[in-house]
Amino acid sequence: MSLFDKFFRAISSVLPSGLGTKETELLLKLDPHKVYVENVRSILGVSHREAVRILETAVRQGAFTRLVEVQCPDGTVAASAEREEDLPPMVHCWYEDDEGHLEETNINSQLLRKSTFYRINERQRDTFQRTA
Amino acid sequence: MATRWYDCAVSILKKSSADLRQRLLELFPATNLRRTFVSGGTKEKVSRTAASSSDTKQLGAVADFIDKNVPFCKQHVYVFSHDGDAVLPLSITNGEMVKSDGDHALYLARIEYTVVQLDPLKYSSIDFLWPVRIELHQNYLLVRFVVLEKSIGSYFEKEVVVRGKSLSEETIMGGLLVDGTISRADLNKGFKALWHRDRIDATRIRYKEPEATVTRTMDEEKGLKQTNPEKYEELRRFPLHQSVFIPNRGFAEVGAFTADPTEGFIGFTRYFKEGATGDELIRQILSSN
């Protein structure tokens, strides 16, 4: 079974009515390297919780990997890893000083906001690309 | 052309305390300080030793060091266009010319930071001598400001909050613009030429669309052109503003730098790798502009 099929089976398990053509097309347009819960939620018109369930099911079935990214105070993604403890302890961020100049600084990752995203399982990526 | 000294050169340094001269020298890379003054010791110690004497010869050596080493510092570079009439100013706002060498001049401006010390509450201030180097090129005038220490608190034993400062880059440049012979250079062409040739890429780009100002910040500091060439093709039609670039081939020693091409601004916010400067990068931007 391809990753694409696994992903859609995960969706079907929480969407009994199945997917329409439009939703399928939109899902196929997602960047498989970085899928946020909100991407899936907005395409399927489901709740946040249901979108999480779909993606976590896809993770269990091996289609996707869950990752975490750490964000600088301005929202810029500074680094990502499969587990929070694997994020670098310090990350590099830019900020605008009082005079509007960009300056750089290093910030402890623990102090920064994290968010979850999903990525197609790289080990089976070729299969996905061929099928999709 | 022979170096020409001005009376004020030694004057402003001589009138300054050893502490003030030490803070001035501490703006420069430790490696460069050790190479010129004392071969060993911390940056603080080398700077203190070099700044301690008010002997005219030593002050001359300090001025010479500053002039030669501004390109190695963290710095803000403003590029102005001129039509051939521009000359090096004899002074700048709140500052004096220290040295002139025909095509460039070094100035030192006095700047005062006012701070509030906490616990117990106490108002205080600290002065710096601020190096500014102005360079006259055929079509451009470059104004380089050495970036002053951001952590003013490191000069105080207790925690402080900066309340204000007596001088800004804008104030000094306002004084330079007043006679109307120079204007901010638009460096979009030069930057885009280097970007097109893959000499640089952008990790953060701000550009002006007809109805919006857009900022794209790349995840994990990836290069925009390398990651998303289609987006690069789209946005290169627009004027570029405050952005972060990373050097590719040939400029690795420069590291990430900031720029506002539309406003003629280039900022080097970190020390270069040893022995390097951003001068060749600037030269290529200007020659492609």
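**Exercise 1. How many helices and how many strands are there in chain A?**

Before we start, a word on the model: it is predicted, local features need pLDDT of at least 70, side-chain atom pairs count only at pLDDT 80 or more, and totals for chains, interfaces and linings use all residues. Residues are numbered from 1 along each chain as its sequence is written, while chains are lettered from A and ligands numbered from 1 in the order in which they are written.

*Solution.* Step 1: helices are DSSP runs of H or I with at least four residues, strands are runs of E with at least two, and both are numbered from the N terminus. Step 2: counting in this way gives five helices and five strands in chain A. Step 3: read from the N terminus, their order is α-α-α-α-β-β-β-β-β-α.

**Exercise 2. Check the span of helix α4 of chain A, and find which of its residues are buried.**

*Solution.* Step 1: the expected span is 1.5 Å times one less than the number of residues. Step 2: α4(A) covers residues 48-60, so its 13 residues should span 18 Å, and this agrees with the 18 Å between its end C-alpha atoms.

Step 1: call a residue buried if 20 or more other C-beta atoms lie within 10 Å of its own, exposed if 12 or fewer do, and partly exposed in between, with C-beta atoms placed from the backbone. Ala51(A), Ile54(A), Leu55(A) and Ala58(A) are buried in α4(A). Step 4: seen down the helix axis, these buried residues fall within an arc of 90° (taken from the directions from the axis to the C-beta atoms), so they line one face of α4(A). Here is a handy rule: an α-helix has 3.6 residues a turn, so residues three or four places apart point the same way.

Step 2: After α4(A) comes Gly62(A), with a positive phi near 85°.

**Exercise 3. Describe the side of chain B that touches chain A.**

*Solution.* Step 1: two residues are in contact if their C-beta atoms, placed from the backbone, lie within 7 Å. Step 2: 13 residues of chain B contact twelve residues of chain A. Step 3: sort the chain B side by class, where Ala, Val, Leu, Ile, Met, Phe, Trp, Tyr, Cys and Pro are nonpolar, Asp, Glu, Lys and Arg are charged, and the others, Gly among them, are polar. That side has one nonpolar, seven polar and five charged residues.
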